[in-house]
Amino acid sequence: MFSIFSARRFHGVIGVAAFALLGAAFYMEYQMDLEPCPLCMLQRIAFLCIGVFSLVSAAVSSERVRKWLAGTVVVLSVLGAALAIRHLYLQNLPIDELPACLPGLSYMVDAFPWQDIAKAMIMGTGDCGEVVWTFLGLSIPGWTLIAFIGMAIVNLFIVFRRTNKGE
């Protein structure tokens, strides 16, 4: 079945899916009033980068460039999955073991050095431990983990498959 679809089409689908997931995240933020935590913001950045690289890959004609972009998407997907796993870990910690909640990101940008902001975003805060929405028993980072894994698997197939003429 994989040979029926070209790598360009798969990258087009992945790009559209990444932007659809961003759209869902913005819907949850602005319509459902779910405030994103620092790990959520980093996962959004990962989806944005995956979407851009995938759509660029769908537009290029060089198979070599497409494989390089697919490898980049694999790396971004693995990083996004690592963020989602960290997020799920924080959500499953007992309340007394959660890291302290920090002030808002806009205040942190004004008051803290960038290294502290980056560390706080990657490690997560107490805000990241709160489960604010679930669907079929999985929270938002659980669903993003599934999406990152799926995107990584498809792109691994693209990286390692043989090149067909005419793609």
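**Close-up views of a predicted model**

**View 1. A nonpolar patch lies on the surface, formed by Val-16, Phe-19, Leu-48, Val-52, Leu-55 and Val-56.** Together these residues have about 460 Å² of accessible area (Shrake-Rupley method, 1.4 Å probe; for residues, only the protein chains shown count as cover). Patch residues have over 30% relative accessible area and no salt bridge; nonpolar side chains (Val, Leu, Ile, Met, Phe, Trp, Tyr) are joined within 5 Å, like charges within 9 Å. A salt bridge is a side-chain nitrogen of Lys or Arg within 4 Å of a carboxyl oxygen of Asp or Glu. Helix H1 (7–30) and helix H2 (38–59) each supply at least two patch residues. H2 gives the most, with four. Helices are DSSP runs of H or I with at least four residues, strands are E runs of at least two, and both are numbered from the N terminus. Leu-55, in helix H2, is partly exposed at a relative accessible area of 36%. Buried means under 20%, exposed over 50%, and partly exposed in between (1.4 Å probe, protein chains only).

The model is predicted: local features need pLDDT of at least 70, side-chain atom pairs count only at pLDDT 80 or more, and totals for chains, interfaces and linings use all residues. Residues are numbered from 1 along each chain as its sequence is written, and side-chain values use heavy atoms, without hydrogens and water.

**View 2. Phe-47 and Phe-148 form one of three aromatic pairs found in the whole structure.** Their ring centres are 4.2 Å apart and their planes lie at 5°, so the pair is stacked. Rings of Phe, Tyr and Trp (its six-membered ring) pair if their centres lie within 6.5 Å; planes under 30 degrees apart count as stacked, over 60 as edge-to-face and the rest as tilted. Phe-47 belongs to helix H2 and Phe-148 to helix H6 (residues 140–160), so the pair ties together parts 101 residues apart in sequence. Both residues are buried.

**View 3. Phe-135 and Trp-143 make a tilted pair.** The ring centres are 5.9 Å apart, with planes at 45°. Phe-135 is partly exposed at 45% relative accessibility. Trp-143 is also partly exposed, at 30%.

**View 4. Trp-133 sits in the loop between helix H5 (114–123) and strand S1 (134–135).** Trp-133 is partly exposed, with 25% relative accessibility. Trp-133 and Leu-34 are 99 residues apart in sequence, yet 8.4 Å apart in space, C-alpha to C-alpha.
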